[in-house]
Amino acid sequence: QVQLVESGGGLVQAGASLRLSCAASGRTFSRYAMGWFRQAPGKEREFVAAITWSIAGTRYADSVKGRFTISRDNAKNTVYLQMNSLKPEDTNVYYCAADPRELLLFSGSPSVSYWGKGTLVTVSS
């Protein structure tokens, strides 16, 4: 029911910033919890950040806390991930996620209902 398309990835130097966008379609988008995960080759997909439909609450992985900010604009059907002070270890494919089960998404479980196809972020040293 929900389709997600990420954009904004690219190649940057360590210390630089990027802003990822996720365009969503579906009438229930505004009531879904949204989040970002990332995955490197040979590694498990890991939780990055999540936000409630009302933007009343957010959660971040410890590895990105203080550097990344998740936000959403329901009028534009878009969720964002502002990434500052990027490090080489942030190099990953970043995936947008959505799920009506707010507690599941905020738990960091990768078993969410909807995924985008991903956008590649590469941070050089």
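Buried here means under 20% relative accessible area, exposed over 50%, and partly exposed in between (1.4 Å probe, protein chains only). This is a predicted model, where local features need pLDDT of at least 70, side-chain atom pairs count only at pLDDT 80 or more, and totals for chains, interfaces and linings use all residues. Residues are numbered from 1 along each chain as its sequence is written, and side-chain values use heavy atoms, with hydrogens and water left out.

- Helices (H or I, at least four residues) and strands (E, at least two) are DSSP runs, numbered from the N terminus.
- β1 pairs with β3 in the antiparallel sense over 5 bridges; two strands pair if DSSP finds at least two bridges between them.
- Glu6 has Cys22 in β3 as its bridge partner, and Ser7 stands opposite Ser21 in β3.

**The open sheet**

- An open sheet of 4 strands runs in the order β1-β3-β8-β7, with antiparallel pairing.
- Its edge strands, β1 (3-7) and β7, each pair on one side only.

**The nonpolar core**

- A nonpolar core is a set of buried Ala, Val, Leu, Ile, Met, Phe, Trp, Tyr and Cys residues joined through side-chain atoms within 4.5 Å.
- The largest one has 35 residues, and Met34, Trp36, Leu81, Met83 and Tyr94 have the most contacts inside it.
- β5 gives the largest share of this core, 5 residues.
- Leaving aside neighbours within four places in sequence, Leu81 is in contact (heavy atoms within 4.5 Å) with residues including Leu18, Trp36, Phe68 and Tyr94.
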